[in-house]
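Here are my notes on the model you sent. Please read them with the structure open beside you.

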Amino acid sequence: MMECKKDESSSATTLWSKNFLLLVFGNFFVYQGILMLIPTFPLYIKQIGGNDLEASLPFAVVSISALIVRSISGNAADKYGRRPLLIIGMSLLIIFNCSYFLVSGIGIILVLRFCQGIGWGMTSTVLATIMSDIVSTKRRGEGTGYFALSIILGTSFATVLGIEAMKRYNFDVILTISTVLVGLGMVLTQGISIAPIEKVHKPKPITQGFSWNDLFEKSALLPAFLCFLHSITFGGIMSFIILFGQETGIENVGIYFIGHVSMILISRPFAGKLFDRKGHSFVIIPGVLLMIIGLFILSYATSMYSLVAASLCYGLGYGAAHPSLQAWAIQRSPEERKGAANGTFLSSLDLGYAIGAVLLGLIATHTNYATMYRISVLFLVVFAVIYGYHLIKAKQDSANENEYDEESA
């Protein structure tokens, strides 16, 4: 596959290039293929004799290994190129998918899931990095938003497809569908023209060896930490919305996710453009406020109508804030460190989901799910305080610089 450099003048005016279309659809199929195993693996583990704890472990171990490898993958993609890492990552996904056909012991399945998480961490990080290569700086907010939309839609369809297929067929059919979808994603993404890595020559530091700075991009830490905070709340919704419905007597709580995804679809056309034209604050501030309102409504929901209202508010806020945080993380980072920036950001996402499920679950065991959602609002309040402090400090620093320039002149 011949690789060519991206044309900045063209990409600045054309978002929906061949490369971007291949990336978005390839990413959609990969996410759909891998994430359809999330709701179905616990059912399969129970079918082969596992208990409730063992049924929860396949998701936990794949998240842990993906978290470990993300920053390493981002740094490696910056050093050695995107395509080798992408091929290795997707190959691991397919190989370990096929390995489940051959084993039935819970212990070995968990080991294989941990190994598959390595491929998942590599693949998802490199795909996000390729997106930041393809999309020009002028349209980064819009492009990141549509890329995030392919993830959200892939996740939503994966959940529905996995559960419905599990009702009608056995787990081998689930694995076959999953493998075919990942394979289709691999074929599509291999058609992307990827620019070779441009080596940036910098003076070598005196000390050599391992450095945490190689794995994490410091300039992306603030957006990543804010992502971590709001992901805790989303992890709580994803993990406990069904149990919350049972507690409150609301039937068909799955409608929450229909409203959530609908608002994300609606927010995409304008949120990304607003980011590009006005900056991140014009999108993130209303986004986090809508998420806070949505969580409050959810915590007091007692009917289908209030549940839908909560999903509309939270979904609109999440659809605006989350892609904007990722675009901001990339925007703050040096060009040669975009892979590490994406790895840092996505690691915070995994960590937020995991901690959200565990920590909020502990809160719910000592209170109830409604109270748990009210308490989870505190994480978004902390988000708002930290982000507000950053905006005020940045404005003061800018004013001081302008004053210094005037005095110097």
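1. Is Arg113 buried or exposed? Arg113 is buried, because its relative accessible area is 2%. Here buried means under 20% relative accessible area, exposed means over 50%, and partly exposed is in between, with a 1.4 Å probe and protein chains only. Arg113 sits in helix H6. Leaving aside neighbours within four places in sequence, Arg113 is in contact with Leu37, Ile38, Phe41, Pro58, Val61, Val62, Ser65 and Tyr100. Contact means heavy atoms within 4.5 Å.

2. On the source of the values: this is a predicted model, in which local features need pLDDT of at least 70 and side-chain atom pairs count only at pLDDT 80 or more, while totals for chains, interfaces and linings use all residues. Residues are numbered from 1 along each chain as its sequence is written, and side-chain values use heavy atoms, with hydrogens and water left out.

3. The protein chain has 15 helices and zero strands. Both are DSSP runs numbered from the N terminus: helices are H or I with at least four residues, and strands are E with at least two. Of the chain's 409 residues, 52% count as buried. Among contacts between residues at least 6 apart in sequence, 87% join residues at least 24 apart.

4. Helix H2 covers residues 18-35, and its 18 residues should span 26 Å at 1.5 Å a residue; the end C-alpha atoms are 26 Å apart, which agrees. The expected span is 1.5 Å times one less than the number of residues. H2 is mostly covered, with 15 of its 18 residues buried.

5. Gln32 belongs to H2 and counts as buried because its relative accessible area is 9%. Leaving aside neighbours within four places in sequence, Gln32 is in contact with Gly154, Phe157, Ala158, Leu161 and Leu181. The C-alpha atoms of Gln32 and Leu161 are 8.7 Å apart, although the two residues are separated by 129 residues along the chain.

6. What is the largest nonpolar core made of, and which members touch the most others? A nonpolar core is a set of buried Ala, Val, Leu, Ile, Met, Phe, Trp, Tyr and Cys residues joined through side-chain atoms within 4.5 Å. The largest one has 111 residues, of which Leu298 and Tyr373 touch the most other members. Helix H6 (residues 106-134) gives the most to this core, with twelve residues. Not counting residues up to four places away in sequence, Leu298 touches Ile237, Ile241, Phe244, Tyr256, Leu307, Ala310 and Tyr373.

7. Rings of Phe, Tyr and Trp (its six-membered ring) pair if their centres lie within 6.5 Å; planes under 30 degrees apart count as stacked, over 60 as edge-to-face and the rest as tilted. By this rule there are 15 aromatic pairs. One of them, Phe225 with Phe228, is stacked, at 5.9 Å centre to centre and 25 degrees between the planes. Both residues lie in helix H10 (residues 221-248), three residues apart, about one turn of the helix. An α-helix has 3.6 residues a turn, so residues three or four places apart point the same way. Phe225 counts as partly exposed because its relative accessibility is 38%, whereas Phe228, at 15%, counts as buried.

8. Phe244 and Tyr373 form an edge-to-face pair, 5.4 Å centre to centre with 80 degrees between the planes. Phe244 is in H10 and Tyr373 in helix H15 (residues 369-408), so the pair ties together parts that are 129 residues apart in sequence. Phe244 is buried, at 0% relative accessible area, and Tyr373 also counts as buried at 0%. Elsewhere, Phe41, Tyr44, Tyr100 and Phe171 form one aromatic cluster.

9. Ser376 is also worth a look. Ser376 is in helix H15 and counts as buried because its relative accessibility is 0%. Its side chain reaches the backbone oxygen of Tyr373 at 2.6 Å. Not counting residues up to four places away in sequence, Ser376 touches Thr233, Leu295 and Leu360.

10. Last, Gly361 is in helix H14 (residues 338-366) and is buried, with a relative accessible area of 12%. Gly361 touches Phe240 and Gly356, not counting residues up to four places away in sequence. The C-alpha atoms of Gly361 and Phe240 are separated by 7.9 Å, with the residues 121 apart along the chain.

Terms used
Polar contact = N/O pair within 3.5 Å; in protein donor to acceptor, adjacent residues only side chain to side chain.
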